[in-house]
Amino acid sequence: MARREAPAAGPGSRALIVDVIRSAGTISRAELAELTGLTQPSISNIVRDLITDGIIHETGSAGSPRGKPRKLIAISPANRFGVGFHLGVDTITCVAIDLTGGMVGREVVPRSAGALPELLATRFDDFTNGLDLPVDRIEGLAVVAPAPYPGEPAPPEFRAELAAKIGLPVIVENDAAAAALGEFWSRRVSREQVFGSIYVSTGIGAGFVFGGALFRGASFDAGELGHLSIDYEGRACPCGNQGCIERYASMAAVVETAREIPTLRDRLGPTISGAHDAVARAAVNGDRVAFEVLDRAAGHLAVAVTSVVNLLDLGRLVLTGPGVAVAGSIYTRRVRAHLERTAHSRHRHPVTVELSAQPRDAAGIGAAALVVQASIAPGHTPGPAAQALFHG
Ligand SMILES: [Zn+2]
């Protein structure tokens, strides 16, 4: 069989190789050549550079059916680190991960008042000092928060100010998009998979990773699943639309419904997250009324998720975020069952639906993964806008 024309090696090839090694775990140079379509000399050069840079290492040999043992290579986990901060209403979740997505530190602290760049710079120092992470091995900081509503101002100078204060690159991203990249990275999803994640929080967002790169849209606003309408005469939404899924299936919507039910109302605390978790705990502990509230929310979500799966022909989906931390099984069951009955692609390929292993920390982990990816696989970064975000 004629060998297909090998693509020229460039920054994209380096990212491709890092990504194939990441999803394989361990792999030989010959397998890399086969999976990437790059020539053996290109593979050898890039692998040598990656070993010199400490991103990958040789881990030993595997027997080969034709005699000569093949040397295997893998990502070097503990060589460099990414730090991510997830800004909540009252808290900041701080996460550090290694190059394979393994968590090396996590801390949740109350969010105090004051100018955000100063606050986060101090937090960054405290957090990294506490973990004893060598500063020269930290690749940067990503700060993620819920996407603003249309017209809500986002301070453009914030990122540059924070980067100047900590002396490292800073990325700013929305939490649902970051969570998708975090799941992609830590689950070792291969770049061939058409991957998405649904982030259930006080609102609802989605993130998509196509060909190994986070899909960002025209203005970093892709994945606004929360404002996909399931009823054109439905509940009004602050975004201006009606029947938005966020008004039926977010944590805020679940709490709003539960507060109207006398048997539930008195058991709910004042905050949305506390009240939502109380409903979710009751639901998984056999409270019929609480279960029905969540199951109906999950049913609504399943309808919206099917639209997304049909629109993008997704192959693999993860449910994540604090909204699925306690009663995620109720959501996964509903979404799976609905997709099995209704997904347009159901006779061609399965749509895998998984529950996040760390739903509450997913956005913070994803933020740290953005840093790791931008650092060791920069050809991935989708487009010049994101490059500018990272490199200033
Ligand atoms: Zn809306």
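Biologist: Across the interface of domain 1 and domain 3, how many residue pairs are in polar contact?

Modeller: Happy to start there, and please keep in mind that this is a predicted model. For each pair counted here, both residues have a pLDDT of 80 or more. Across the interface of domain 1 and domain 3, the number of residue pairs in polar contact is three.

Biologist: Which side chains meet in a salt bridge?

Modeller: The rule finds one salt bridge across the interface of domain 1 and domain 3. A salt bridge needs a side-chain nitrogen of Lys or Arg within 4 Å of a carboxyl oxygen of Asp or Glu. A distance of 3.3 Å, N to O, is found between the side chains of D19 and R191.

Biologist: What area is buried between domain 1 and domain 3?

Modeller: Let's look at who contributes. In domain 1, the residues that lose the most area to domain 3 are D19, R22 and S23, together 71% of what that side buries. Carbon and sulfur atoms give 50% of the area buried between the two domains, and that area is about 640 Å².

Biologist: Where in the chain are the three domains?

Modeller: Domain 2 is written in two pieces, 81-173 + 363-391. Domain 1 covers 11-75, and domain 3 covers 182-360.

Biologist: Nice! Now for the metal: which residues are the protein donors of the zinc ion?

Modeller: In sequence, their spacing reads H-x9-C-x1-C-x4-C. The donor atoms lie 2.0 to 2.3 Å from the zinc ion. They are ND1 of H227 and the SG atoms of C237, C239 and C244.

Biologist: What arrangement do the four donor atoms make around the zinc ion?

Modeller: Good one to finish on! Four donors count as tetrahedral if all angles lie between 85 and 135 degrees. Around the zinc ion the angles are 104 to 120°, so the arrangement is tetrahedral.

Methods: Residues are numbered from 1 along each chain as its sequence is written. This is a predicted model: local features need pLDDT of at least 70, side-chain atom pairs count only at pLDDT 80 or more; totals for chains, interfaces and linings use all residues. Side-chain values use heavy atoms; hydrogens and water are left out. Domain bounds come from an automatic or database domain assignment. Buried area is the accessible area (1.4 Å probe) that two parts lose on being put together, summed over both. A polar contact is a pair of N or O atoms within 3.5 Å; within protein, one must be able to donate a hydrogen and the other to accept it, and residues adjacent in sequence count only if both atoms are side-chain atoms. Donors are N, O and S atoms within 2.8 Å of the metal (3.2 Å for Na, K and Ca); water is not among the atoms, so sites may look incomplete. Four donors count as tetrahedral if all angles lie between 85 and 135 degrees; four count as square planar and six as octahedral if opposite donors are over 155 degrees apart and all others between 65 and 115; anything else is irregular.
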